[in-house]
Amino acid sequence: MGLMRRLGVGSESESDSNEPYECRGCEASFTVRYQVCPECGGYTIERDDWD
Ligand SMILES: [Zn+2]
């Protein structure tokens, strides 16, 4: 915990997106997982490739 981890190392991700996190409230995409969406203030930010 607490260590920054690089994303996409080894190209293991199936997603081509460089912004894998998406706000469920306003659909904004982010490169990092915000706890609070800077666009709409929503708390529901999830990876868009989990399903
Ligand atoms: Zn949002």
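Is glutamate 27 buried or exposed, and how many other C-beta atoms lie within 10 Å? Glutamate 27 is exposed, with 10 other C-beta atoms within 10 Å; the classes are buried for 20 or more other C-beta atoms within 10 Å of a residue's own, exposed for 12 or fewer, and partly exposed in between, with C-beta atoms placed from the backbone. The structure is a predicted model, in which local features need pLDDT of at least 70, side-chain atom pairs count only at pLDDT 80 or more, and totals for chains, interfaces and linings use all residues. Residues are numbered from 1 along each chain as its sequence is written.

**Overall architecture**

- The protein chain contains 3 strands and 0 helices, where strands (E, at least two residues) and helices (H or I, at least four residues) are DSSP runs numbered from the N terminus.
- Read from the N terminus, the order of elements is β-β-β.
- Of the 51 residues in the protein chain, 8% are buried.
- Among contacts with a separation of 6 or more, 23% join residues 24 or more positions apart; a contact requires C-beta atoms, placed from the backbone, to lie within 7 Å.

- The 3 strands form an open sheet in the order 2-1-3 with antiparallel pairing, two strands being paired if DSSP finds at least two bridges between them.
- Strand 2 (29–30) and strand 3 (45–47) are at the edges with a single partner strand each, so one side of each has no neighbour in the sheet.
- Strand 1 (residues 21–23) pairs with strand 2 in the antiparallel sense over 2 bridges.
- Glutamate 22 lies opposite serine 29 in strand 2.
- Strands of a sheet pair through backbone hydrogen bonds, in either a parallel or an antiparallel manner.

**The loop between strand 1 and strand 2**

- Glutamate 27 belongs to this loop and, although not a glycine, has a positive phi of about 65 degrees.
- Most residues other than glycine have a negative phi.
- Alanine 28 is also found in the loop between strand 1 and strand 2, and counts as partly exposed because it has 17 C-beta neighbours inside 10 Å.
- Leaving aside residues up to four places away in sequence, alanine 28 touches Cys23, Cys37 and Glu39.
- The C-alpha atoms of alanine 28 and isoleucine 45 are separated by 9.1 Å, with the two residues 17 apart along the chain.

**The segment before strand 1**

- Asparagine 18 is placed in the segment before strand 1 and counts as exposed, with 11 C-beta neighbours inside 10 Å.
- Asparagine 18 and threonine 31 are 13 residues apart in sequence, and their C-alpha atoms are 6.2 Å apart in space.

Definitions and conventions: Two residues are in contact if their C-beta atoms, placed from the backbone, lie within 7 Å.
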